[in-house]
Amino acid sequence: RDSLFGPEYEQCVKDGRNVYELMDEMAAKISIGSEGMIYHPFLNGERCPYYNPQLRASFVGVNMIHKKGHFARAVLEGVAFSLNDCFQIVKTMGVEIKEARLIGGGAKSQLWSRILCDITGIPVIRPVNDDSSFGGAMLAGVGVGVFANEYKAVDVCVRDSINIKPNAENHEKYQLYFSAYKHIVEQLSSVYNELYKIRNS
């Protein structure tokens, strides 16, 4: 937001509008795969599944057709690719992921929810109360005796608002981009390690 959408943010503040909604609108006009641009969200290294503190974020495949909307969509897709990368590790453990529940700021984006659903191929559910602090409030309720236990708190408080099913055609397209996403990480890992050594020499 601050690096690429500064003017838009200032205008949204004046208009009393949420700049993230504007960014979503711009990203929604861009086709799947951001027309060949892939973003890796390794802003401060990466834990699962690479465990390499020297990895860094990158936009790969940028060309003259790419506008701000492409960058916005590539970020949404890149974060979803990163989560999908982690899901692959879980699957190797024999754990079946039947659905994903989104909470926090990202859950407020209908577009990002759809992208995550289509990339992972997993149904996505967004609860009515999707603030990450809501779970803490329920635990506090258990602690002071409002609820008998955590299960009762969930039964009373958690209500689903949106249930998104994966689009098979979109999922198939995204698998090709996900393969490229992983291949780029493999190819650039040594470069990031080299950059780290140069920077700190």
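Author: Let's start with pLDDT: it is the predictor's confidence in each residue, on a scale from 0 to 100. You'll need it here, as this is a predicted model.

Reader: OK, what does the chain average in pLDDT?

Author: The average is 94, and 100% of the residues score at least 70. Among the elements, strand S1 (residues 38-40) has the highest mean, 98, while strand S5 (residues 160-164) has the lowest, 87.

Reader: Why does Ser34 count as buried?

Author: Buried means under 20% relative accessible area. Ser34 comes out at 0%, so Ser34 counts as buried. You'll find Ser34 in the loop between helix H2 (19-28) and S1.

Reader: What is the phi of Ser34, and what is the phi of Tyr51?

Author: For Ser34, phi is near 50°, which is positive although the residue isn't a glycine. Tyr51 also isn't a glycine, and its phi is positive too, near 50°. Here's why that deserves a look: most residues other than glycine have a negative phi.

Reader: Which residues does the cis peptide bond join?

Author: Cys48 and Pro49, with an omega of about 0°. Pro49 belongs to the loop between S1 and strand S2 (58-60). For background, most peptide bonds are trans.

Reader: Now helix H5. Which of its residues are buried?

Author: In H5 (residues 133-143), they are Met138, Gly141 and Val142.

Reader: How do you know that they are on the same side of H5?

Author: Look at the arc they cover around the axis: only 100°, which puts them on the same side of H5. On the other side, Ser133, Leu139 and Gly143 are exposed.

Reader: What do the buried residues of H5 pack against?

Author: They pack against helix H6 (150-157). Just after H5 comes a residue with a positive phi of about 90°, Gly145.

Reader: Zooming out, how many helices and strands does the chain have?

Author: There are 7 helices and 5 strands. Going from the N terminus, they run α-α-β-β-α-β-α-β-α-α-β-α.

Reader: How much of the chain counts as buried?

Author: Of its 201 residues, 38% do. As for contacts with a separation of 6 or more, 70% come from residues 24 or more positions apart.

Definitions and conventions: Residues are numbered from 1 along each chain as its sequence is written. This is a predicted model: local features need pLDDT of at least 70, side-chain atom pairs count only at pLDDT 80 or more; totals for chains, interfaces and linings use all residues. Side-chain values use heavy atoms; hydrogens and water are left out. Buried means under 20% relative accessible area, exposed over 50%, partly exposed in between (1.4 Å probe, protein chains only). Helices (H or I, at least four residues) and strands (E, at least two) are DSSP runs, numbered from the N terminus. The arc is that of the directions from the helix axis to the C-beta atoms. Contact means heavy atoms within 4.5 Å.
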